[in-house]
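Welcome! Please open your viewer and get ready to select pieces one after another; this tour tells you where to look at each stop.

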Amino acid sequence: MKLTKSFNRSLWVYHVNTGSCNGCEIEIVATITPRYDPERFGIKLVGTPRHADVLLVTGPVTHKMVDRLRRVYEQTPDPKVVMCIGSCGQSGGVFYDSYNLDGPQDQVVPVDVYVPGCPPRPEAIIHGVVTAIAKLERLEAEKQ
């Protein structure tokens, strides 16, 4: 897979936890280790959404995280892709009917790529990021 001219650099990913049990975070940490080596695809984590191309969002969205998630989404420059990692972000998972939730992630911000699982395997996360790369390429092609 070859990135378009606008993505001649690494794909930068920013991680947001909106109230998960941290199972997905453990798998994300396992994904960035040398065993899976996502940097071979040009993927690296960044510390600010202002530099990110992809938002990796884990967990169902709690009341306190709604505004924060929207703010992070707005701070991320276009073109951007939002990845929903884990079952909790897609449907609420085991927290489905909790009093503290404002719903799944796609009710707060638009989600482009879903990575199912509780927690998802590192291979599934890498596949999701590669799918996000393809989505970014399509967005760039449409813009030109």
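## A walk around strand β3

Start by selecting β3 and strand β4 (residues 81-85): the two run parallel and are joined by 5 bridges. Keep in mind that this is a predicted model.

Now zoom in on this pair. Which residue of β4 is the bridge partner of Leu-55? Pick Val-82 and you have found that partner. Elsewhere along the two strands, Thr-58 stands opposite Ile-85 in β4.

Next, follow the chain from β3 to β4. On the way it passes through helix α2 (residues 66-75), and this β-α-β crossover is right-handed.

Select β3 alone, residues 54-58. Are its residues mostly covered or mostly open? The strand is mostly covered, with 5 of its 5 residues buried. Show the side chains: Val-54, Leu-56 and Thr-58 point one way, while Leu-55 and Val-57 point the other way.

Time to zoom out. The open sheet has 5 strands, paired in parallel and ordered β2-β1-β3-β4-β5. At its edges are β2 (43-45) and β5 (113-115), each of which pairs on one side only. On average, neighbouring strands in this sheet are turned by 25 degrees against each other, direction ignored.

For the last stop, select helix α4 (residues 122-143). Helix α4 lies across β1, β2, β3, β4 and β5, and runs at about 160 degrees to β4.

Note on methods
Residues numbered from 1 in each chain as written. Predicted model: local features only at pLDDT ≥ 70, side-chain atom pairs only at ≥ 80, totals over all residues. Heavy atoms only, no water. Buried < 20%, exposed > 50% of the residue type's maximum accessible area, 1.4 Å probe, protein only. Helix = DSSP H or I, 4+ residues; strand = E, 2+ residues; numbered from the N terminus. Pairing = 2+ DSSP bridges. Right-handed = clockwise from strand over helix to strand, strands pointing away. Axes fitted to C-alpha atoms, helices over the stretch in contact; angles between N-to-C directions. Contact = heavy atoms within 4.5 Å.
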